[in-house]
Amino acid sequence: MRQGDIVIISGNAHPKLARDICEYVGVELGDAHCGRFPDGEIDVKVNSDVRGADCFVVQPTCAPVNENLMELLILVDCLKRASARRITVVIPYFGYARQDRKDEGRVPITAKLVANLLERAGAHRVLTVDLHAAQIQGFFDVPVDHLYASPVLAGYFRQKRIPDLVVASPDIGGSKMAWGYSKRLDAYFAMVEKRRVSPQHTEVQFVIGDVRGKNVLLVDDMISTGGSIVEAARALKEKGAEKIYICATHGVLAGNAVEKLRKAPVEQVVITDTVPVEDKPLPDNFHVASVAPLLGEAIRRIHHHESISSLFREKSVALRAHV
Ligand code: R5P
């Protein structure tokens, strides 16, 4: 290995995505063992030479979130002690992001705790996709490159050429994201007003915008229990929407989310591979679009000190380059 070369390492969270990123970048996946001691403690050994290397650790902090987070912290510590020149944590799905503020007494700000842990372990940079709240970038004192999956997801829907399209947000919080999609797709915009009555349940209050007789694309950052998006789809259907499509960056798909979506009045569900779904049997109307080229291109640009924001200026992004 030459001084300063790229080394991409994966924990156990999503090795397939790490391999796909490596294919884009044009490097072999770094050799790292991430096993368990008999008592369940995490046993890490990086076999690749990383002295002086520009290291990227790919590990979404999805379920099992505590295992994946701890593996990531230990991998970073390991690389630091092996004299890596720079360590970038590539966290396509940043877990614990929903606890990002004290909105009532005696609750933690877990997103900030995770940021502290990653920095303390030795991370020099963070590369992530569609944070639940963009301000989590400010929880870090190291640079955060915050990518949007919109070039991938909106690109998929643009080539479908759906007529009379309205892009809708399932809640007020997601309206900026959905509005961005409506601009990328030259579509009208609508919004569902949702109230969360418990972590598992939401209630729709009303729909803003004209969806009668229109095809609707519902856009969200994640589908966890599926409650928000399915309620929104039903509300839009009641307001006279024709076909309803769903797209979300993170297919967390907790509990019986897939079953809920299967029964929902929905034409197609499109998610990305920020969270692994290979082991989940998905219905035929699901499509998984890969963010590997997007992350690979960002890694290439970080390595060469090139602009990341310019990746998102155009309505479509041409991704295909090697280091
Ligand atoms: C809400 O703020 C988020 O953007 C998502 O709508 C929400 O986290 C999805 O959760 P669930 O699928 O459990 O309703």
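Guide: Gladly! Keep in mind that this is a predicted model. The lining of the largest cavity takes at least three residues from each of domain 1 (6–149 + 292–318) and domain 2 (150–289).

Visitor: How does one look for a cavity, and how many of 30 Å³ or more does a search of the whole structure find?

Guide: Rolling a probe the size of a water molecule over the atoms shows where empty space is left. Here, the search finds one cavity of 30 Å³ or more. The volume of the largest cavity is about 40 Å³.

Visitor: Which residues line the largest cavity?

Guide: The lining consists of Y93, F94, A97, V129, D130, L131, H132, D221, M222 and H250.

Visitor: How far apart are the C-alpha centres of domain 1 and domain 2, and what area do the two domains bury between them?

Guide: The C-alpha centres are 27 Å apart. At the interface, 21 residues of domain 1 are in contact with 22 residues of domain 2. Together the domains bury about 1,700 Å², with 56% of that on carbon and sulfur atoms.

Visitor: Now helix α4, residues 150–160: is it mostly covered or mostly uncovered?

Guide: An α-helix has 3.6 residues a turn, so residues three or four places apart point the same way. Helix α4 is mostly covered, with eight of its 11 residues buried. These include S150, V152 and F157. Among the elements covering the buried residues of α4 are α5 (175–184), β11 (215–223) and α8 (292–303). After α4 comes R161, with a positive phi near 45 degrees.

Terms used. Residues numbered from 1 in each chain as written. Predicted model: local features only at pLDDT ≥ 70, side-chain atom pairs only at ≥ 80, totals over all residues. Heavy atoms only, no water. 1 Å grid on protein atoms, 1.4 Å probe; cavity = no way out; pocket = protein on both sides within 12 Å on 5 of 7 lines; lining within 4 Å. Points joined across faces, edges and corners; volume = space filled by probe spheres on them. Domains from an automatic or database assignment. Buried < 20%, exposed > 50% of the residue type's maximum accessible area, 1.4 Å probe, protein only. Helix = DSSP H or I, 4+ residues; strand = E, 2+ residues; numbered from the N terminus. Contact = heavy atoms within 4.5 Å. Buried area = accessible area lost by both parts, 1.4 Å probe.
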